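Please look over the sequence and the structure first.

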Amino acid sequence: MLVCIIGAECTGKTVLAQQLAAQFGGVVVPEGLRHWCEEHGRTPLATEQVALMQTQIYKENKALALTENARAAIIFCDTAALLTAVYSQHYFADSSLLGAAQAHHQRYALTLWLQPDLPWVADGLQRDGVAVQAAVHGLLAQQLASQPWVFRISGSGQARLHAARAALLQALGPQ
């Protein structure tokens with residue numbers, strides 16, 4: 001089962017993915033963009049967006065293959081190809097990745113859409129500020145409007161975790 005955890009910058013995706021994986025015995029697919037920026041010491045160019053999106057999808061496919069025999073395995077994806085497409089749209093006025101990202105997004109059993117209600121914190125290369133966070137959040141709202149099983153997750157600390165856990169349990173249904 002693939003669970004997408006998505007949101008603009010500084011919305012707690014990584015922390016929530018790790019918390020949920022620990023509680024549900026799942027696997028986390030880490031954010032490819034974060035690793036890429038650390039490895040290259042910069043943010044990606046427009047020409048590098050397709051490869052970033054493909055890398056995120058590859059990591060998810062690899063996690064699926066590794067957990068294929070574990071029937072109850074939940075894979076928590078710390079962001080998604082859709083966020084790469086939205087960033088490409090925002091930073092480079094390039095919407096060409098959105099169709100493929102939307103199609104890929106259909107694979108997720110549910111999407112936990114993190115709201116930008118946590119304090120914004122700079123962390124170096126990846127974060128550009130509250131204005132960019134708001135703009136990306138708005139673009140994500142447009143893209144997620146047509147997706148099924150999208151849960152808005154807000155609050156901080158245990159309240160955020162509780163909301164995400166409740167959404168996940170609702171999607172799983174009676175066991």
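## A residue in helix α6

Leu 139 is found in helix α6; helices here are DSSP runs of H or I with at least four residues, strands are runs of E with at least two, and both are numbered from the N terminus. Because its relative accessibility is 15%, Leu 139 counts as buried (buried means under 20% relative accessible area, exposed over 50%, and partly exposed in between, with a 1.4 Å probe and protein chains only).

Setting aside neighbours within four places in sequence, Leu 139 is in contact with Val 86, Gln 89 and His 90, where contact means heavy atoms within 4.5 Å. Leu 139 and Gln 89 are 50 residues apart in sequence, while their C-alpha atoms are 8.5 Å apart in space.

## Basis of the model

The model is predicted: local features need pLDDT of at least 70 and side-chain atom pairs count only at pLDDT 80 or more, while totals for chains, interfaces and linings use all residues. Residues are numbered from 1 along each chain as its sequence is written, and side-chain values use heavy atoms, with hydrogens and water left out.

## Helices α4 and α6

Two packed helices are described by the angle between their axes and the distance between the axes. The axes of α4 (residues 81-92) and α6 (residues 130-144) come within 10 Å and cross at roughly 125°. Axes are lines fitted to C-alpha atoms, for helices over the stretch in contact, and angles run from 0 to 180 degrees between N-to-C directions. α4 and α6 are therefore oblique to each other (angles under 35 degrees count as roughly parallel, over 145 as roughly antiparallel, 65 to 115 as roughly perpendicular, and the rest as oblique).

From α4, the residues that meet α6 include Leu 82, Val 86, Gln 89 and His 90. Among their partners in α6 are Val 132, Val 136, Leu 139 and Gln 143. The residues of this contact divide into eleven nonpolar, three polar and no charged (Ala, Val, Leu, Ile, Met, Phe, Trp, Tyr, Cys and Pro count as nonpolar, Asp, Glu, Lys and Arg as charged, and the others, Gly among them, as polar).

## Helices α4 and α5

The axes of α4 and α5 (residues 98-105) come within 8 Å and cross at roughly 160°, so α4 and α5 are roughly antiparallel to each other. Ala 81, Leu 82, Ala 85, Val 86 and Gln 89 of α4 make the contact with Leu 98, Ala 101, Gln 102, His 104 and His 105 of α5. By class, this contact has six nonpolar, four polar and no charged residues.

Gln 147 lies in the loop between α6 and β5 (150-153). With a relative accessible area of 8%, Gln 147 is buried. Leaving aside neighbours within four places in sequence, Gln 147 is in contact with Gln 102, His 105 and Gln 106.

## Helices α3 and α4

Helix α3 (residues 49-66) packs with α4 at an angle of about 165°, with their axes 8 Å apart. That makes α3 roughly antiparallel to α4. The contact is made by residues including Leu 52, Met 53 and Ile 57 of α3, and Ala 81, Ala 85 and Phe 92 of α4.

## Cysteines

The structure holds zero disulfides, a disulfide being a pair of cysteine sulfur atoms within 2.5 Å. For Cys 37, the nearest cysteine sulfur is that of Cys 10, 15 Å away. For Cys 77, the nearest is that of Cys 4, 6.6 Å away. Cys 37 is buried, with a relative accessible area of 3%, and Cys 77 counts as buried at 0% relative accessibility.
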